[in-house]
Amino acid sequence: MALLGVAVQGRQYIRELQALTNNDPALRFAGFPMGVAIQSALNAVDLRAFAQAPAQRVFMAVASETRAQTELEFSWARDVSITSVAYPDMARHLGESTTSYLPVALFEQLKQWCATDIHVDGTDPSDKSDSLGVQRLNDRGVLRGSGFVEHAVFIPAQGLLTGVWCESEATPSPKVVLVLSSSGRNPHIGGARVWVQLARRLAEHGIFSVRFDLAGMGDSPPTAGAPEHLIYHSSGIPQLRSVIDHVAARFPEAKICLIGICSGGFLAFHEAISDSRVAGLMIVNLQCYEWRDGTSLEEVADLLGKSTKTYRQLLADPQTWVRLRRGRVNTLYILKMAGRRLLSRLKQVVADVQQLVKPSQGVSVNESAQAVSCHGPGLVRRGFTGLSNRGTRTVVLYGDTDVGLDQFIRYFGVRGRLFLKLSGAKLSLRSDFDHDLHAEMAQNALHDEVLSLCKDLSSCLS
């Protein structure tokens, strides 16, 4: 058994979850709720009270030595072999997924520990049912469920990208295929399994989809010599194109629709503006349309801050003024953010005047090929204009307090008025969206929006 940053008492673990879920009574974390009975049972757990240790060998990584952890090691050491190592970067590792630090050295220690003193337990490998009687994958790696069939795929792209096809049992040849673009450091299941849930529900309507891991993330090995865990980066665009090549080769008659949340939307946008095979595009809560390779996520987060609507809500909150009086508000940072946004709005006015003088004609092939390395509202506008001129259905979704909405307003004005003038373009601002779509109501709303777009692409969907 390996315990990383162990919570000795269940009530300690529950408190941590309550903090992470903003005191949600259901403790819905990453899309998974925890029932009241389970919460009650966990509250009663104290590992020190176990009559005997639950394993013969225990690997324990400790962020900082506490009395409870010392007592746990002492009580278990009578019966088992304990390997205790330092885990100083636990807070960085367990932080927000897109900026979290991967403790490679710790995992290497764990791997070496796992490799020692291993015994075969004699389990029959031909037994395909677990202890609950749930059928596992068959020998061909196919998973069948209610209305859907899934199987793994390995797509060549300067290496192999690992993905999963989700198909409809009742539809042999789809009219629409969704390419679900990886987001942040989430694997191909998506944050809170959003891609899994979406793909399986849409399969009931005859819509096929493929979800995949970018190189160096999830189950896809890194490209030799390339840096790993790149979120916004030009190297992801040709990988997405390789997935589209695979889809187009398998279903040449199907309409291809790209969908991406945040950084996944960044890849989808920049690929769509240069790939005429893309018939539909959906971008969700994209915070950064332009990116210079080498920029850090921390720098961008500092530049973006919170959304303008969030700042307005904070100004109306009496507790904000209490914190301000006590010196707990970074006034200089907020004034700097306000100045940046005012300057951005002034630039927007200038760009609007220029647009009246010389209307945008879309992005040329050469411009779109270099889109990631170019910057400014003009390029982003020309990209969307080019999609409209090409007949691509484009849907942009934002939570109404998402900071990315301010970036979109920078390009297209208040309420996206310039965007909405484009043919085939739709903008929806949702009060039920959190940024990563972890909440169940957000995922339900996304399903409805995607289904509507697919029906728009093909009127023959059931």
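Author: A charge sits over a ring if NZ of Lys or CZ of Arg is within 6 Å of the ring centre and within 35 degrees of the ring normal. The model is predicted.

Reader: How far from the ring centre of tryptophan 165 is arginine 250?

Author: The cut-off for a charge over a ring is 6 Å from the ring centre. Arginine 250 lies over the face of tryptophan 165. The value for arginine 250 is 4.6 Å.

Reader: Which ring does the charged end of arginine 57 sit over?

Author: The charged end of arginine 57 is 4.3 Å from the centre of the ring in question. That ring belongs to tryptophan 113.

Reader: Is serine 209 buried or exposed?

Author: Serine 209 is part of strand S8, residues 208-212. Its contacts, leaving aside neighbours within four places in sequence, include Trp165, Cys166 and Leu178. Buried means under 20% relative accessible area. Because its relative accessibility is 2%, serine 209 counts as buried.

Reader: Are the rings of phenylalanine 208 and phenylalanine 251 stacked or edge-to-face?

Author: The count of aromatic pairs comes to 16. In the pair of phenylalanine 208 and phenylalanine 251, the ring centres are 5.5 Å apart and the planes are at 90°. Planes over 60 degrees apart count as edge-to-face. The pair is therefore edge-to-face.

Reader: How many residues apart are phenylalanine 208 and phenylalanine 251?

Author: Phenylalanine 208 is in strand S8, whereas phenylalanine 251 is in the loop between helix H7 (236-250) and strand S9 (255-261). Phenylalanine 208 is buried at 2% relative accessible area, and phenylalanine 251 is buried at 11%. The pair links distant parts of the chain, and the two residues are 43 residues apart.

Reader: At what angle are the ring planes of phenylalanine 412 and phenylalanine 419?

Author: Phenylalanine 412 and phenylalanine 419 are both buried. Their ring centres are 5.4 Å apart, and the pair is edge-to-face. Ring pairs also link these two into a cluster with Phe269, Tyr289, Phe384, Tyr398, Phe408 and Tyr411. The planes of phenylalanine 412 and phenylalanine 419 are at 65°.

Reader: Which residue's backbone oxygen does the side chain of arginine 381 reach?

Author: Arginine 381 is in helix H14, residues 377-390. With a relative accessible area of 7%, arginine 381 is buried. Its side chain reaches a backbone oxygen at 2.5 Å, and that oxygen belongs to tyrosine 411.

How values were computed: Residues are numbered from 1 along each chain as its sequence is written. This is a predicted model: local features need pLDDT of at least 70, side-chain atom pairs count only at pLDDT 80 or more; totals for chains, interfaces and linings use all residues. Side-chain values use heavy atoms; hydrogens and water are left out. Helices (H or I, at least four residues) and strands (E, at least two) are DSSP runs, numbered from the N terminus. Buried means under 20% relative accessible area, exposed over 50%, partly exposed in between (1.4 Å probe, protein chains only). Contact means heavy atoms within 4.5 Å. A polar contact is a pair of N or O atoms within 3.5 Å; within protein, one must be able to donate a hydrogen and the other to accept it, and residues adjacent in sequence count only if both atoms are side-chain atoms. Rings of Phe, Tyr and Trp (its six-membered ring) pair if their centres lie within 6.5 Å; planes under 30 degrees apart count as stacked, over 60 as edge-to-face and the rest as tilted.
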